[in-house]
Amino acid sequence: MSDYTIPFARVGMGDIASVGGKNASLGEMIGRLGGAGVRVPDGFATTAQAFRDFLAQDGLGGRIAAELAPLDVGDVARLAESGARIRGWILATPFPKRLEQELLAAYDALDGDGGTAVAVRSSATAEDLPGASFAGQQETILNVRGAQAVLAAAHAVYASLYNDRAIAYRVHQGFEHGQVAISVGVQRMVRSDLGASGVMFTLDTESGFRDAVFITASWGLGETVVQGAVNPDEFYVYKPALAAGRRAIIRRTLGSKATRMVYARDPAPGRWTATEEVPAADRARFCLADADVEELARQAVAIESHYGCPMDVEWGKDGETGALYVLQARPETVQSRVGRSIQRFTLKSRSRPLARGRAIGQRIGAGPARIIASAREMSRVQPGDVLVSDMTDPDWEPVMKRAAAIVTNRGGRTCHAAIIARELGIPAVVGCGDATATIRDGDPVTVTCAEGDTGVVYEGRLDFEQQQIELDALPEPPVRIMMNVGNPDRAFDFASIPNHGVGLARLEFIINRMIGVHPRALLEFAKQDPTLQEQIRRQMAGHADPVSFFVDRLAEGIACIAAAFAPQPVIVRLSDFKSNEYANLIGGRGYEPHEENPMLGFRGASRYTDAAFGPCFELECRALVRVRDEMGLDNVQVMVPFVRTVDEGRRVVELLAANGLRRGERGLKVIMMCELPTNALLADRYLDHFDGMSIGSNDMTQLTLGLDRDSGVIARLFDERDDAVKALLAMAIRACRERGKYIGICGQGPSDHPDFARWLVGQGIDSISLNPDTVVETWVYLANGGKESGAQ
């Protein structure tokens with residue numbers, strides 16, 4: 001065996017000290033996971049001994065140690081000077097003859113008929129470990145061709161061990177410089193320049209949810225995704241559905257994918273690749289088919305199963321053959337280390353939004369904005385500043401830890417900036433598009449990543465609250481505590497809060513956020529005027545047709561919530577838009593009546609039995625059937641809102657059955673909202689057709705007391721604790737208990753008034769569904785017998 005080079009197929013995870021974490025992992029996957037369907041391009045590695053012998057020449061190692069010993073990496077200018085000096089020494093030192101000969105021999109064996117393009121990658125002996133990723137710290141050079149070019153690229157990789165970012169990162173992670181060696185990995189290129197590539201994690205990177213594979217994808221070579229130069233497509237794949245052979249993609253988000261990295265037309269050292277604009281037609285479609293997404297997820301799950309921990313995987317699709325390859329894999333280093341406590345950040349007020357993008361980190365930060373155009377300006381960033389730039393580079397890591405938050409024009413949730421921000425515990429909003437133009441240097445701003453997938457930069461320094469919840473310290477409550485969840489973006493995050501399921505998932509919230517178009521405008525797309533058609537086309541980009549767009553997006557929204565909380569029940573309420581709300585959707589004004597009081601008008605069950613709205617109701621049913629039957633998420637239950645008469649309720653139940661949602665089949669329960677006085681007064685008769693009731697305290701209070709809850713003039717009279725309201729609720733609870741059927745509450749009342757929640761428990765209610773921000777407080781209050789607690 002050569003001391004200086006070794007084929008990937010002959011190394012494994014026991015060889016990290018010799019070939020570094022990245023190369024050891026590649027060899028491990030080639031040798032152990034081929035049978036599990038994991039494809040890894042072949043290649044070879046140089047050894048750590050080769051690097052050490054290189055440093056032994058002419059006292060090079062000693063000079064480097066002396067240069068680094070007194071260095072304060074917080075002094076960015078001094079760090080840059082020392083890093084450049086060390087890299088210059090390395091590049092000026094030739095490879096030992098034996099290393100050069102063995103490296104060329106290994107490349108010739110891999111090259112075969114000549115002209116093979118390879119990726120020359122770094123693999124440090126302290127890299128890709130469960131405690132520290134070192135992601136992007138050293139050099140990767142793509143599309144390298146020819147023996148001399150490979151030698152030059154390997155030399156550059158050696159020098160990159162002393163990039164400014166790598167020096168600083170080792171100090172921050174507590175690694176001694178002299179204890180870290182570097183191995184060069186030389187790997188066959190996958191023609192993803194003609195296909196697509198990206199990164200995938202075997203958990204949700206923001207919440208730590210373990211039952212999903214999160215995949216990012218963009219056209220061309222993967223460096224644009226990793227560097228944060230593009231906003232990629234995103235996919236979530238539900239692991240249990242994948243394992244069961246069911247439809248497994250529960251979320252797809254189309255990215256802008258404005259540029260791609262390809263092979264240079266005239267490749268030469270220093271310019272092996274080029275960046276070009278992506279044609280508009282390709283930007284407007286997903287770069288992976290569903291079958292590719294699920295195949296990638298299967299490979300990711302196999303890798304995670306083998307390593308026994310969540311993984312961060314880079315992948316590429318060969319545009320010539322269509323084959324999918326894993327290019328490297330490392331342990332995920334942030335969410336997998338989170339303990340048994342959760343932190344919640346909440347803004348106490350809002351101001352004018354300055355920028356929006358992808359949220360990283362679920363935290364809030366505030367400080368003066370510091371707009372940085374290039375790495376040369378990094379020294380301007382002071383502790384507590386909000387770093388704003390077009391995109392960050394791993395070279396910026398030394399100052400990123402100073403920042404209160406990070407904001408970029410470009411990038412996705414798996415770029416280097418996002419990875420480093422997560423590791424440092426700093427909120428980041430990436431892919432804003434125009435943050436450097438809309439934010440002024442020096443102005444105070446607040447950056448929130450605590451409100452879902454979308455992060456927002458607000459004008460001014462805003463107050464916010466931080467709460468730490470110790471999960472093991474929560475006592476057992478006397479009733480099932482469920483949650484009201486309308487935003488699929490937050491479902492994985494909310495599921496980490498103690499809960500017994502979702503008592504209310506509102507379809508109208510999903511339709512408004514994820515679709516935004518009136519269903520009849522989609523069903524009758526051909527009848528719309530050209531301007532409206534173009535607006536709808538932009539909204540449905542990436543989907544086959546208008547109707548598929550509606551069903552796909554609605555099913556994905558429901559599935560995200562159902563998957564997050566499985567196997568706990570998720571009660572999904574059919575759409576309850578009022579006519580004025582439906583009219584505000586794209587194309588809606590042509591289909592909705594003008595009503596003086598929409599709150600009491602054409603809404604709820606009355607829509608589902610209406611001949612004109614019936615086809616729209618059928619689309620909702622199709623989405624629910626897909627989630628329950630095709631994805632296997634049979635924890636989804638169905639709830640019917642605003643049922644005015646017993647006969648109307650019966651007709652809706654029959655319509656549900658006709659559309660594939662029959663009570664009792666595969667455990668399906670059909671529940672009704674109890675929100676009109678008639679529902680409580682005739683509860684026993686309604687329960688002939690339904691499996692239970694969920695109290696809507698807002699409408700019940702409005703209709704019992706004769707109040708318009710949208711009117712500020714009489715808002716002071718609105719109180720769910722009124723004796724008349726409580727009398728009706730007590731009737732409904734008693735009727736359900738006598739029939740042995742479910743009775744819960746999903747209205748606002750218990751979230752606002754803990755004493756009202758305590759009264760409901762005394763009446764024998766089965767569950768209380770709360771807004772997520774009140775769950776812990778109410779949980780502790782009820783568990784303590786209705787006594788206030790100061791516990792956090």
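**Overall form and selected residues of a predicted protein chain**

User: What does the C-alpha trace span along its principal axes?

Analyst: The span is about 95 × 55 × 45 Å.

User: And how many helices and strands are there?

Analyst: The protein chain has 30 helices and 30 strands. These are DSSP runs numbered from the N terminus, with helices (H or I) of at least four residues and strands (E) of at least two.

User: What share of the residues is buried?

Analyst: Of the 792 residues, 60% count as buried. Buried means under 20% relative accessible area, exposed over 50%, and partly exposed in between, with a 1.4 Å probe and protein chains only.

User: Which share of the contacts joins residues at least 24 apart?

Analyst: Among contacts between residues at least 6 apart in sequence, the share is 70%. Contact means heavy atoms within 4.5 Å.

User: Where does pLDDT stay under 50?

Analyst: That applies to residues 128-134, for which the model has 33 contacts beyond four places in sequence. pLDDT is the predictor's confidence in each residue, from 0 to 100. Where it is low, the predicted coordinates should not be read in detail. For the protein chain, the mean pLDDT is 91, and 96% of residues reach 70 or more.

User: Changing topic: where is Val643, and what is it in contact with?

Analyst: Val643 lies in the loop between β26 (636-640) and α23 (646-658). Val643 is buried, because its relative accessible area is 0%. Beyond its neighbours within four places in sequence, Val643 has contacts that include Ala605, Met672, Leu676 and Tyr686.

User: How far apart are Val643 and Tyr686?

Analyst: They are 43 residues apart in sequence, and their C-alpha atoms are 9.4 Å apart in space.

User: Which residues of α7 are buried?

Analyst: They are Asp164, Arg165, Ala166, Ile167, Ala168, Tyr169 and Arg170. Helix α7 (residues 164-173) is thus mostly covered, with 7 of its 10 residues buried. Just after α7, Gly174 takes a positive phi of about 80°.

User: What about Asn143 and Gln362: what are their phi values?

Analyst: Phi of Asn143 is near 60°, a positive value in a residue other than glycine. Gln362, which is not a glycine either, has a positive phi of about 55°.

User: Where do they sit, and are they buried or partly exposed?

Analyst: Asn143 is found in strand β4 (residues 140-144) and counts as buried because its relative accessibility is 0%. Gln362 is in the loop between β15 (353-360) and β16 (364-371). Gln362 is partly exposed, since its relative accessible area is 21%.

User: Last one: which residues does the cis peptide bond join?

Analyst: The cis peptide bond joins Ala566 and Pro567, with omega of about 5°. Pro567 lies in the loop between α19 (546-565) and β25 (570-573).

Terms used. Residues are numbered from 1 along each chain as its sequence is written. This is a predicted model: local features need pLDDT of at least 70, side-chain atom pairs count only at pLDDT 80 or more; totals for chains, interfaces and linings use all residues. Side-chain values use heavy atoms; hydrogens and water are left out.
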